Amino acid sequence: MKFGVIVFPGSNCDHDAFYATSHAISQQAEYIWHDSATLGDVDAVILPGGFAYGDYLRCGAIAKFSRVMKAVRNFAAEGGPVLGVCNGFQILVEAGMLPGALIRNRGLKFICREVGLRAGTTDSPFTCAAHKDRVYRMPIAHGEGCYFAEDRTLDELEAEDRIAFRYVDNPNGSLRDIAGVLSRERNVMGMMPHPERAAEVLMGSSDGLVVFQSLLSVAVRA
Amino acid sequence: MSAATITPDLIAQHQLTPDEYQKIVDILGREPSYTELGIFSVMWSEHCSYKSSRIHLKKLPTRGKLVVQGPGENAGIIDIGGGYVIAFKIESHNHPSFIEPFQGAATGVGGILRDIFTMGARPIAVMDSLRFGRLDDPATGARNRRILGGVVSGIAHYGNCFGVPTVGGECIFESCYDGNPLVNVFALGVCRKEDVFYAKAAGIGNPVIYVGARTGRDGIHGASMASAEFTEESKQKRPNVQVGDPFLEKLLLEACLEAMQTGAIVGIQDMGAAGLTCSTCEMGSRGGVGIEIELDRVPQRETGMTPYEIMLSESQERMLLVADKGREEEVFRVFRKWGLDAVEIGSVTGDGKLRVKQHGRVVAEIPNRELADEAPLYNRPHSQSLRRAPLEAPSLPSPNIEPALPALLTSGDLCSKRWIWEQYDYQVRTNTVAGPGADAAIIRIKETGTSVAMSLDGNGRYCYLSPREGARLAVAESCRNLSTVGAQPMAATNCLNFGNPERPEIMAQLVEAIEGMGEACRFFDTPITGGNVSLYNETLGEGIYPTPVIGIVGLLPTVPPAGAVFRNPGRSVILLGGVGSCDETRFGGTQYAKVILKQLWGLPPALYMDQEKRVESAIREIVRDGLAESAHDLSDGGLAVALAECAFGSVGARIDLDSDLRPDLLLFHEGPSRVLISTSSPEKIAVIAAKHGIDAPVVGVTIEKEIAISRRGTMLGRWEIAALRAHYEQALESHVR
């Protein structure tokens with residue numbers, strides 16, 4: 001399987017996503033520059049964490065206009081899996097590919113911490129290898145990760161089983177403890193916690209592998 | 001050149017003495033222009049020239065078989081094997097952080113990161129050594145809390161966005177830092193040995209290229225500001241503090257590393273203190289060449305800037321490089337890709353001079369070597385070190401042991417610093433094997449399969465009592481921290497924070513601390529490969545404690561760390577090095593004396609370097625053989641505090657001590673050379689300890705939920721872990737509010 005890792009100016013978890021996919025699960029990975037019009041022959045796209053374009057405006061607000069996002073949109077429209085982590089989630093929300101918004105953490109401070117997560121659904125290419133009764137340990141590292149949406153949207157997400165991950169102990173004030181959501185077609189997922197940082201026991205947890213292994217198992221079946 | 005009127009007043013405003021001015025006239029063979037006066041004043045400031053400290057810094061060991069680059073470059077470099085090197089250095093940003101805490105600290109991080117990547121190394125770790133005034137002081141507490149909050153957010157803002165993990169450090173509170181907080185930032189980067197770049201100009205006719213942010217009026221005279229005491233007027237110096245843009249720095253990092261790969265770059269230096277002035281004359285001086293630049297070509301974000309302003313601006317995120325003539329386009333192409341300005345502003349010449357033109361007219365012409373390397377050096381008079389603390393111990397009240405431990409664990413220096421480090425991204429780049437809260441941070445090097453451990457240590461109280469012994473203790477502690485995680489200490493960087501060197505009793509502190517640090521670094525075989533001196537840390541005549549901070553790096557295999565925390569009940573608890581000894585004089589610099597007795601007297605804890613070295617060798621062997629289920633060194637707060645820290649995972653211990661010491665001394669003395677271990681193989685550890693000739697008494701056993709300490713069967717205190725931990729974890733947040 002081949003992962004494409006998008007590099008925006010200011011992305012800083014691009015190397016980590018590359019390392020997790022190429023080393024921890026031994027798949028192919030390549031970087032895709034933000035100015036690129038195409039994605040090549042990748043099987044899945046990762047929008048990594050960081051501060052795309054500095055995030056001096058709203059997080060992700062400028063990244064959504066970059067040329068590569070048109071290709072990412074087309075890739076998703078054709079059913080390709082797109083994973084946005086942290087800043088990548090913020091970009092997907094700004095680009096309208098996922099509902100809701102990510103606002104300042106309830107405590108107004110940046111938080112770097114390992115948190116417990118539960119998979120809200122196993123019906124997605126990102127969580128199909130997960131067990132709903134298990135707690136997954138992964139780190140968060142963000143200042144603006146409080147998930148916000150209107151009640152109607154939240155009800156809809158729940159009704160359509162589109163909440164990918166929920167915090168066990170909500171660190172940032174996210175509504176309904178939401179840590180990750182799916183698109184209506186279920187092939188786009190954004191999450192604030194970093195699965196790529198929890199891909200080796202040496203880093204304190206390998207629970208993040210569940211996301212990559214889910215993608216891999218779908219690709220193998222396809 | 002325009003003939004400016006250089007008056008004695010103008011010279012004094014530039015913090016140059018009449019003698020220094022005469023030396024300038026002698027070098028030039030004429031009166032300087034106004035621009036030249038400004039250029040000399042920043043290059044010859046204490047901050048840039050080390051004029052008060054340089055003759056003493058020569059006493060430090062700087063060579064070793066692993067040292068690739070010692071002092072004199074942007075950062076020190078050591079060989080870590082496998083074809084790779086690490087570059088690392090510490091720098092202070094004390095003065096700017098007092099005036100504008102957020103930007104002061106942020107640009108402190110930015111500056112040290114540029115020092116690392118200008119050498120070709122990608123930054124992979126940052127640590128911070130911070131000191132503030134007391135948060136609960138009725139008069140200054142509110143300001144101190146604001147400075148702490150600003151500094152921490154500034155570090156977080158810059159490091160998190162840039163994408164470098166902030167993996168450790170220290171944070172101490174003392175009244176002497178009320179008007180003079182210390183913000184010392186350490187950074188470390190990695191690169192292939194053959195990819196190291198130096199800040200040296202070469203090749204007559206080669207283009208001099210300016211890259212990065214545009215030049216503004218910010219930070220003019222920052223270096224001179226950092227070379228004077230603070231007064232009431234200092235707040236008006238806020239425009240002297242630069243404003244940082246971590247996003248731009250991230251682009252600059254990626255672009256510089258990529259441009260270096262083209263092979264078209266000859267030499268490169270960042271523009272830090274003294275900006276364009278420092279980078280041009282230092283690169284020229286190191287290469288033994290001249291540099292000529294035309295200021296009209298320097299990218300500017302304000303109009304009407306004078307040559308003086310452009311040359312002295314400390315705008316951030318700028319670099320100066322020399323490229324191979326004819327290959328400029330390869331360099332420009334990379335910077336265009338990253339959306340950065342890159343402009344040829346001049347060329348390398350053969351006459352050894354820094355020649356600055358504006359509108360084609362020469363506005364400054366100074367010999368590089370004299371400007372960069374021949375600043376006046378001072379052997380300032382030094383007398384007895386300043387100390388106002390008595391040598392004699394007061395009569396100690398009979399101790400109340402049980403409440404003392406939670407009181408210590410909630411004190412500013414000893415409480416959990418989680419509130420600080422959770423604001424830092426300490427994991428980005430996925431190399432953090434051990435992060436904040438560990439005895440030493442551990443960063444794995446993906447390229448070599450080994451890991452690097454690092455620790456920052458300083459102790460102003462000890463150094464105030466004895467600068468020489470305090471500095472030695474700091475080096476010993478740093479080495480012990482590394483050894484406790486299984487790392488072999490290899491090399492060091494230092495940041496020397498002191499008061500006004502023109503006062504002989506302060507100069508004495510500096511001299512003694514440098515000598516003590518030198519002795520210890522020689523003994524522990526950790527040469528100092530670079531660092532920084534920050535003097536004039538005084539406000540309204542009140543100086544800080546002498547505060548040398550040392551950062552030591554070491555190597556170890558990449559394995560999951562044992563950690564400091566007890567993991568299972570029923571394990572033997574060993575106090576490697578033994579309970580130690582301490583008299584009342586040596587108790588006066590402890591946290592117990594500070595927090596419980598609210599006094600300072602006597603001398604720092606006694607350090608026997610030979611004993612220290614044997615303990616360190618033993619603990620390294622124990623940890624590397626996998627015999628320690630946990631290991632934690634004793635430092636501030638002594639045995640009882642270390643034991644509590646080991647218990648915060650919720651497994652505690654019951655220990656019984658065989659000693660004649662008074663209970664308060666026994667539990668809270670800060671004698672070095674001791675490590676607490678939990679193990680299921682006490683016999684094997686006994687063998688290793690005996691081999692190294694050190695005591696390693698089994699003092700107790702790990703148990704669930706509580707700590708209990710007795711002496712020869714008589715209970716001294718029992719504590720429930722959950723309650724202790726709650727105090728420890730919540731203290732800082734409640735101090736900050």
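This is a predicted model: local features need pLDDT of at least 70, side-chain atom pairs count only at pLDDT 80 or more; totals for chains, interfaces and linings use all residues.

Biologist: What is the accessible surface of chain B?

Modeller: It comes to about 24000 Å², and carbon and sulfur atoms account for 49% of that area.

Biologist: Let us turn to the open sheet in chain B. In what order do its six strands come?

Modeller: The order is 14-15-16-21-17-18, with mixed pairing.

Biologist: Which strands stand at the edges there?

Modeller: Strand 14 (432–434) and strand 18 (528–534) of chain B do. Each has a single partner strand, so one side of each is left without a neighbour in the sheet. From one strand to the next, the twist averages 25°.

Biologist: And how many bridges join strand 17 to strand 21 of chain B?

Modeller: Nine bridges join them; strand 17 covers residues 488–497, strand 21 covers residues 547–557, and the two run antiparallel. As one example, Thr493(B) has Gly551(B) in strand 21 as its bridge partner.

Biologist: Which strands does helix 19 of chain B touch as it packs on the sheet?

Modeller: Helix 19 (residues 504–523) touches strand 17, strand 18 and strand 21 of chain B. The direction of helix 19 makes about 15° with that of strand 21.

Biologist: What about helix 18 of chain B: how many of its residues are buried?

Modeller: Helix 18 is mostly covered, with 16 of its 18 residues buried. This helix runs over residues 467–484 and reaches 25 Å from its first C-alpha to its last, close to the 26 Å expected. After helix 18 comes Gly486(B), which has a positive phi near 95°.

Biologist: A single residue next. Is Ile80(B) buried or exposed?

Modeller: Ile80(B) has a relative accessible area of 7%; buried means under 20%, so Ile80(B) counts as buried. Ile80(B) lies in strand 2 (residues 76–81) of chain B.

Biologist: Which residues does Ile80(B) touch, leaving aside those up to four places away in sequence?

Modeller: Ile80(B) touches Val85(B), Ile86(B), Ile445(B), Thr448(B), Met490(B) and Leu555(B).

Biologist: How far apart in space are Ile80(B) and Ala689(B)?

Modeller: They are 28 Å apart, C-alpha to C-alpha, and 609 residues apart in sequence.

Biologist: Finally, chain A. How many helices and strands does it have?

Modeller: Chain A has five helices and 11 strands. Its C-alpha atoms fill a box of roughly 40 × 35 × 35 Å along the principal axes.

Biologist: Why does the radius of gyration of chain A agree with a compact globule?

Modeller: A compact globule with 222 residues would have a radius of gyration near 17 Å, and chain A has 15 Å, so the values agree. Of those 222 residues, 63% count as buried. The accessible surface of chain A is about 8500 Å², 50% of which belongs to carbon and sulfur atoms.

Terms used:
Residues are numbered from 1 along each chain as its sequence is written. Chains are lettered from A and ligands numbered from 1 in the order in which they are written. Side-chain values use heavy atoms; hydrogens and water are left out. Two strands pair if DSSP finds at least two bridges between them. Helices (H or I, at least four residues) and strands (E, at least two) are DSSP runs, numbered from the N terminus. Axes are lines fitted to C-alpha atoms, for helices over the stretch in contact, and angles run from 0 to 180 degrees between N-to-C directions. Contact means heavy atoms within 4.5 Å. The radius of gyration is taken over C-alpha atoms; the globule rule is 2.2 Å times the number of residues to the power 0.38. Buried means under 20% relative accessible area, exposed over 50%, partly exposed in between (1.4 Å probe, protein chains only). Accessible areas come from the Shrake-Rupley method with a 1.4 Å probe; for residues, only the protein chains shown count as cover. The expected span of a helix is 1.5 Å times one less than its number of residues.
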